[in-house]
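Have the structure open while you read.

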Amino acid sequence: MDLLPGLGVDLLGFVFAAVALYRLPLFLVQSLLAFCIGVTATISAFMGARLAAAGWVALGVGAVGLILLGLSAEPSPAQALPPGWRWILLGMAVPVAAIAFCAKRHNRFWAAPALAFGAGLGFSVVGISARGLGEPSGRMDVPQQS
């Protein structure tokens with residue numbers, strides 16, 4: 001039962017990220033989501049974990065980069081993806097699954113970079129997919145047959 005608050009906050013963060021993906025530029029939201037590791041490292045440091053000087057420098061550089069990125073970004077409406085692209089994005093699950101399968105079966109030096117590439121690919125697909133969603137209307141629109 002200790003996991004429920006964490007799962008709730010994680011779900012809430014996903015909802016906020018989806019709203020941000022709809023309202024803000026994709027590159028800005030993806031950068032902010034990727035920098036969550038910096039937030040985690042900072043919280044860990046305040047909870048007693050030791051972070052090397054290079055880690056603090058990396059956090060500072062990342063934070064400055066996000067500030068500059070935020071200053072340069074402007075809100076823009078999301079554009080719907082053409083119908084064919086939706087199938088392409090759905091099909092991207094196949095290479096991500098293949099990368100994970102191969103990396104698990106072959107424990108070689110390239111497994112970690114391959115998994116990182118697959119995670120980045122999945123991260124990009126989710127961001128583009130969420131960006132292309134329409135604004136929820138609160139009701140289901142059923143197409144009329146003629």
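1. α7 has 21 residues and runs 30 Å from its first C-alpha to its last, close to the 30 Å expected at 1.5 Å a residue (that is, 1.5 Å times one less than the number of residues). Helices here are DSSP runs of H or I, at least four residues, numbered from the N terminus.

2. A caveat: this is a predicted model, where local features need pLDDT of at least 70 and side-chain atom pairs count only at pLDDT 80 or more, while totals for chains, interfaces and linings use all residues. Residues are numbered from 1 along each chain as its sequence is written, and side-chain values use heavy atoms, with hydrogens and water left out.

3. Which residues of α7 are buried? They are Ala111, Ala114, Gly118, Val125, Gly127, Ala130 and Arg131, buried being under 20% relative accessible area (1.4 Å probe, protein chains only). Their cover includes α1 (3-23), α2 (26-34), α5 (83-91) and α6.

4. Look next at α6 (residues 93-105) against α7 (residues 111-131): they pack at about 160 degrees, axes 9 Å apart, with axes fitted to C-alpha atoms over the stretch in contact and angles running from 0 to 180 degrees between N-to-C directions. That makes α6 roughly antiparallel to α7 (over 145 degrees).

5. On the α6 side, Val96, Ile99, Ala100 and Ala103 meet α7 residues including Leu115, Phe117 and Leu121; contact means heavy atoms within 4.5 Å.

6. α2 and α4 (residues 53-72) also pack at about 160 degrees, with axes 10 Å apart. Phe27, Leu28, Ser31 and Leu32 of α2 meet Leu66, Leu69 and Gly70 of α4.

How values were computed. Helix = DSSP H or I, 4+ residues; strand = E, 2+ residues; numbered from the N terminus. Parallel < 35°, antiparallel > 145°, perpendicular 65-115°, else oblique. Buried < 20%, exposed > 50% of the residue type's maximum accessible area, 1.4 Å probe, protein only.
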